[in-house]
Amino acid sequence: MAEYVEVESGKRNSRPQLQAAISHAKATGAKLVIARLDRLARNLHFVSSLQERGVDAADMPDANRLTIHIIAAVAESVGRTISENTRTALAAAKARGVKLGNPNGARALRGKQVGNTEAVAKIKANAAQRASDLAGIVNTLQASGLTSVRSIAEALNNQGISAPRGDIWHPTAVSRLLQRLSAPVASATAQSRTGDR
């Protein structure tokens, strides 16, 4: 028996620990047990796609496909309600003159990352891993003659590959991806030049 702890939000479809747990369960023929089924995802389509892939996930012994589907639909509805209530409350607070967020804006955190070093490191590691996973696809696209960030974004979208935040690819996201993919090469080149001297 193995345990996987997912820290990503249930609103996101990019869930590395969940994917690892699914792979492990499929490889060993085990049942995937979720601590709370409504926290698996707040996206009915995502849960349905897991079911279509043959993932058997349950946090209760009597759960079946219909039960899981209903719980997922309720979780999605609750998530939307929470989001709408939050937006309404923030708009009401703003209308009352309450200043929202950090009064110094992003400048206050730039370069400091005070108190969230581990979170920032995890985000960077996830981004690097995602870039590494996409390297072969991007290389194939570039070899086929697609060199602009816009054409690569269109090709990734056409292939159904989701962007880092689970939505569609935009040229800016492709540009960041290409920078991540070229960073290790640049660093290795710099080291080899230093070694030559």
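This report describes the predicted model of one protein, from overall confidence down to single residues.

## Basis and confidence

The model is predicted: local features require pLDDT of at least 70 and side-chain atom pairs pLDDT 80 or more, while totals for chains, interfaces and linings use all residues. Residues are numbered from 1 along each chain as its sequence is written, and side-chain values rest on heavy atoms, with hydrogens and water left out.

The mean pLDDT (the predictor's confidence in each residue, from 0 to 100) is 75. A value of 70 or more is reached by 70% of the residues. Among the elements, helix 5 (residues 149-158) has the highest mean pLDDT, 90, and strand 2 (residues 57-58) has the lowest, 56. Over residues 185-197 pLDDT stays under 50.

## Overall organisation

The protein has 6 helices and 2 strands. Both kinds of element are DSSP runs numbered from the N terminus, helices being H or I with at least four residues and strands E with at least two. Along the sequence the pattern reads α-β-α-β-α-α-α-α.

Of the 197 residues, 22% are buried. Buried means under 20% relative accessible area, exposed over 50%, and partly exposed in between, with a 1.4 Å probe and protein chains only. The protein exposes about 13,800 Å², an area from the Shrake-Rupley method with a 1.4 Å probe, in which only the protein chains shown count as cover for residues. Carbon and sulfur atoms supply 54% of this area. Among contacts with a separation of 6 or more, 51% join residues 24 or more positions apart.

## Nonpolar cores

A nonpolar core is a set of buried Ala, Val, Leu, Ile, Met, Phe, Trp, Tyr and Cys residues joined through side-chain atoms within 4.5 Å. The largest one has 14 residues, and Leu156, Trp169, Val174 and Leu177 have the most contacts inside it. Helix 4 (117-143), helix 5 and helix 6 (171-196) each give two or more residues to this core. A second, separate core has 8 residues, including Leu18, Ile22, Ala25 and Ile34.

Leu156 touches Ile137, Leu141, Ile161, Trp169 and Val174, leaving out residues up to four places away in sequence. Leu156 is one of the buried residues of helix 5, with Ser151, Ile152, Ala153 and Ala155 also buried there. Gly160 follows helix 5 and has a positive phi, near 75 degrees.

Ile161 is in the loop between helix 5 and helix 6 and is buried, at 15% relative accessible area. Beyond its neighbours within four places in sequence, Ile161 contacts Arg130, Leu134, Ile137, Leu156 and Trp169.

The structure holds 1 salt bridge, defined as a side-chain nitrogen of Lys or Arg within 4 Å of a carboxyl oxygen of Asp or Glu. Arg80 forms it with Glu76, the closest N and O atoms being 3.9 Å apart. Side chains of opposite charge can pair when their charged atoms come close. Because Arg80 and Glu76 are 4 residues apart in helix 3, about one helical turn separates them. Arg80 is exposed, at 52% relative accessible area, whereas Glu76 is buried, at 18%. Glu76 also touches Arg42, Asn43 and Leu44, not counting residues up to four places away in sequence.

Leu66, Ile70, Val74, Val78 and Ile82 form a nonpolar surface patch with about 440 Å² of accessible area together. Patch residues have over 30% relative accessible area and no salt bridge; like charges are joined within 9 Å and nonpolar side chains (Val, Leu, Ile, Met, Phe, Trp, Tyr) within 5 Å. Val74 lies in helix 3 and is partly exposed, at 47%.

## Spatial pairs around helix 1

Glu3 lies in the segment before helix 1 (16-28) and is exposed, at 69% relative accessibility. Its C-alpha atom is 9.6 Å from that of Gln17, 14 residues away along the chain.

Gln129, in helix 4, is partly exposed at 46% relative accessibility. Gln129 and Pro16 are 113 residues apart in sequence, and their C-alpha atoms are 9.9 Å apart in space.

Notes: Contact = heavy atoms within 4.5 Å.
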